[in-house]
Amino acid sequence: MVAALSVTSDLTRGHPPGEAMRACLLATELARRAGLDPIGQSDVYYGTLLRFVGCAATSHEIAAALGGDDVGVRARGDLIDPTVPEQAQQFMADIGVSMAQLGALGGPAGVARLKAEGARADCEVGAGLAGRLRLSEEVGRAVLDAFERYDGHGVPGGRAGDEIEPAARFAAVGFTAVMFDAVGGRAVAAQTAAQWSGRALDPAVTAVFLDAPDELLRASDPDDLWAAAVDCEPQPRRVFRDDAALEDALAGFGDAADLKSPWFTGHSGGVARLARAAAGQLEPAAAGLVYLAGLVHD
C-alpha cells in the first residue's frame, strides 16, 4: 500500500512512476551494507518510500507563486544544488520567473522563505501520514528531514550532519542515485553523488554507494519493480492488525490527495460517506468496502 502511495509522490514531483520504489530498494540495501539492524533498515525502507509523500500539500501555492506549473518546478528543482548561485539563477530562468515576479516574491530572500515554508508543510503532511500508518517515530522524523542537507543549508530547520535522522540520510542518497541514473545514466549518478557528498549528502552513506554504484543501480531496476519493493521489506514485516488501522490509513491517503487543490479539503471523506450510505440502501454487505474505495478514489 505504501509503495502504491509512493507512486503518487513520484507523479506530484514530475518524476518517473516507480522512482521512490527504486530509491527504496537502493537505500535499504545501503542500510544493510552499512550494518544497520533490522529495525533501522525498516525505518530506511519506509522513510524512503514516504520521503516526498506530502508534496501535494503545497501544489497550489507553488503554482501560484512560480508560473503555474508546480509539477515542472519540482522536477527541475530536484536536479540542481540550490546553494550554487549559478544553478539557482538558471533554475529561476528555466521556469520563466521574470525579475518583476522575483521582486513581487520579495527577491531571493522571499523565494527562500517560500521554499522553507513549503518544505515544512510538505514534510508535516508526510509525517502525519506516517503516524496514521502506525509507523515508528523515527520514520516520521525522517520524513520531516526530507529537505535537510548534510551541510546544514537545507530547510526547514537547517539541521546538519548527525542531527538529521539516519533514515533521511540514506533516503537522500537513494533518491539522488536513481534520479540521476534516470536522466543521465549510471556514470552521471555516481558523479553527482560524489559531487554532492558532504553537501546535500552524508559522505559516509555516499561512500557505501560509491563502492559499487553499477551493482546497486542495476539491482534497483528489476524486471518486476512492484514485487521487488514488497520483497525488500526488512523483517518483521508490517501488517494492519485490525480494520480500524486500515481505515485510518486510507483516510490519510484521501486527505493527502485532497490537498492538491484548496477547494477539495474533505472531499474524499465526503465521497466515501455518501458512497457508503448509498451502498447501505442497495448492497449492505458491501458498504464497508465501498467506504474504503471512496476514501482512495482520487
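How many residues apart in helix H9 are Glu137 and Arg141? Glu137 and Arg141 are 4 residues apart in helix H9 (residues 137-144), and so are separated by about one helical turn.

## Basis of the model

This is a predicted model, in which local features need pLDDT of at least 70 and side-chain atom pairs count only at pLDDT 80 or more, while totals for chains, interfaces and linings use all residues. Residues are numbered from 1 along each chain as its sequence is written, and side-chain values use heavy atoms, with hydrogens and water left out.

## Salt bridges

Over the whole structure, 21 salt bridges are found, each defined as a side-chain nitrogen of Lys or Arg within 4 Å of a carboxyl oxygen of Asp or Glu. Glu137 is exposed at 62% relative accessibility, whereas Arg141 is partly exposed at 35%. Here buried means under 20% relative accessible area, exposed over 50%, and partly exposed in between (1.4 Å probe, protein chains only). Helices are DSSP runs (H or I, at least four residues), numbered from the N terminus.

A network of salt bridges links Glu29, Arg32, Arg33 and Glu215.

Lys260 and Asp70 form a salt bridge whose closest N and O atoms are 3.0 Å apart. Lys260 lies in the loop between helix H15 (243-258) and helix H16 (267-282), and Asp70 in helix H5 (residues 70-77), so the pair ties together parts that are 190 residues apart in sequence. Lys260 is partly exposed, at 38% relative accessible area, while Asp70 is buried, at 10%.

Another salt bridge joins the side chains of Arg132 and Asp255, at 2.8 Å from N to O. Arg132 belongs to helix H8 (residues 107-132) and Asp255 to helix H15, and this pair links distant parts of the chain, 123 residues apart. Arg132 is partly exposed at 26% relative accessibility, and Asp255 is partly exposed at 36%.

The structure holds 1 cavity of 30 Å³ or more, a cavity being a set of points on a 1 Å grid over the protein atoms alone where a 1.4 Å probe fits but cannot get out. The volume of the largest cavity is about 60 Å³, taken as the space filled by probe spheres set on grid points joined across faces, edges and corners.

Its lining residues (those with an atom within 4 Å of a point) include Arg51, Asp145, Glu148, Tyr150 and Asp202. The lining divides into 6 nonpolar, no polar and 5 charged residues, where Ala, Val, Leu, Ile, Met, Phe, Trp, Tyr, Cys and Pro count as nonpolar, Asp, Glu, Lys and Arg as charged, and the others, Gly among them, as polar.

How values were computed: On a 1 Å grid over the protein atoms alone, a cavity is a set of points where a 1.4 Å probe fits but cannot get out, and a pocket is an open set with protein on both sides within 12 Å along at least five of seven lines; lining residues have an atom within 4 Å of a point. Helices (H or I, at least four residues) and strands (E, at least two) are DSSP runs, numbered from the N terminus.
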